[in-house]
Amino acid sequence: MNVHNLIVSSLQHAVMELFSTMINGEIRFEGVSEERETPESCDRVVSFIGVAGSWSGTGTLTCSPATACHLCSQMLMAEYPTVSEEVLDAVAELTNMIIGNVKSNLERHLGPLGLSIPTVVFGRNFKTKSAGAEWIVERFRWNGEELELRISLRPNEKAISKPPATDVCTVEF
C-alpha cells in the first residue's frame, strides 16, 4: 500500500464530492506536490484540524479572505461580503467535512483515527509552521479562486505500541 497515493486520492475525492453536493460552482484539481517548506507570509484564511490515532498529523485548508466569504455565502445561502464569525465557522466546518471524509477513508487502511476541533486563523502577513512536517499539497480552483489543501501524516509509534483499550472503566474513590 502506498500511503502517499492513498492520501492524494482520498483528499481529491473528498473535495470533489463535497463541492459537487454542497457548494455550487465548478471545482478543478490543479495539481499536487510534496513540500517541506512553510508557505510565505500571506493574507489568508487558514483552518487547521489535527489527526490522531494510529497515524497523526494535521490537515489544513487555505484560501483568500474573498474566497472564504464566497464559500460561506454558498454554504449558508446568504451574502457575506467580509470575513466574520460566520465565515470563519464555515471555513472550519468545510475543513472538518473534507478532512473527516479523508479520515474515514484512511481508517480502512491505517487503523483508527480521530479529529480535533478545527482552528481557524485569519489575518495579514502571518506564517504557519508545523515542526518537521512533510506536506502533501493539493491545489484546486473553484469559480476562478484558489483553494489549497495540505495534509501531513506519519505513523504514531506510541499508538502502535500501546495495548488496546478495554471497554471497562474502573473508578476508585
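## Terms and overall fold

A residue counts as buried under 20% relative accessible area, as exposed over 50%, and as partly exposed in between. N5 has a relative accessible area of 45%, so N5 is partly exposed. This residue lies in helix α1. The C-alpha atoms of N5 and I136 are separated by 9.9 Å, although the two residues are 131 apart along the chain.

The model is predicted. Its protein chain has four helices and seven strands. Along the sequence, these elements follow the pattern α-β-β-β-α-α-β-β-β-β-α. The chain has 173 residues, and buried residues make up 40% of them. Take the contacts in the chain with a separation of 6 or more: residues 24 or more positions apart account for 72% of them.

## The nonpolar core

In soluble globular proteins, nonpolar side chains tend to be buried together. Here, the largest nonpolar core has 41 residues. F19, L94, I98 and L147 have the most contacts inside this core. Helices α1 (3-22), α2 and α3 each supply at least two core residues. So do the strands β2 (42-53), β3 (55-63), β6 (135-142) and β7 (145-155). The largest share comes from α3, with 10 residues.

I98 gives a local view of the packing. Setting aside residues up to four places away in sequence, I98 touches L11, A14, V15, L18, L61 and L149.

## Helices α2 and α3

Two packed helices are described by the angle between their axes and the distance between the axes. Helix α2 spans residues 65-76, and helix α3 spans residues 85-110. Their axes come within 9 Å and cross at roughly 80°. Angles of 65 to 115 degrees count as roughly perpendicular. The two helices are therefore roughly perpendicular to each other.

On the α2 side, the contact is made by A68, C69, L71, C72, M75 and L76. On the α3 side, E86, V87, A90, V91, L94 and M97 meet them. By class, this contact has 11 nonpolar residues, one charged residue and no polar residues.

Is T67 buried or exposed? Its relative accessible area is 1%, so T67 is buried. Beyond its neighbours within four places in sequence, T67 is in contact with W142, E145, E146 and L147.

## Salt bridges

How many salt bridges does a search of the whole structure find? The search finds nine. One of them joins R141 to E30, with the closest N and O atoms 3.5 Å apart. This pair links distant parts of the chain. R141 is in strand β6, E30 is in strand β1 (residues 27-35), and 111 residues separate them. E30 has 41% relative accessibility, so it counts as partly exposed. R28, E30, R141 and E146 are linked in a network of salt bridges. E146 is also one of the contacts of T67.

E148 has two arginine partners to consider. R139 forms a salt bridge with E148, and their closest N and O atoms are 3.5 Å apart. R150 forms a salt bridge with E148 as well, with the closest N and O atoms 2.8 Å apart. E148 has a relative accessible area of 14%, so E148 is buried. R150 is buried too. R139 is at 30% relative accessibility and therefore counts as partly exposed.

## Loop residues with positive phi

Most residues other than glycine have a negative phi. M77 has a positive phi, near 50°, and is not a glycine. Where is M77 placed? M77 is in the loop between α2 and α3. Its relative accessible area is 76%, so M77 is exposed.

N143 is another residue that is not a glycine and has a positive phi, here about 50°. N143 is in the loop between β6 and β7. With a relative accessible area of 45%, N143 is partly exposed.

Terms used: Residues numbered from 1 in each chain as written. Predicted model: local features only at pLDDT ≥ 70, side-chain atom pairs only at ≥ 80, totals over all residues. Heavy atoms only, no water. Axes fitted to C-alpha atoms, helices over the stretch in contact; angles between N-to-C directions. Parallel < 35°, antiparallel > 145°, perpendicular 65-115°, else oblique. Contact = heavy atoms within 4.5 Å. Nonpolar A, V, L, I, M, F, W, Y, C, P; charged D, E, K, R; others polar. Core = buried A, V, L, I, M, F, W, Y, C linked by side-chain atoms within 4.5 Å. Buried < 20%, exposed > 50% of the residue type's maximum accessible area, 1.4 Å probe, protein only. Salt bridge = Lys/Arg side-chain N within 4 Å of Asp/Glu carboxyl O.
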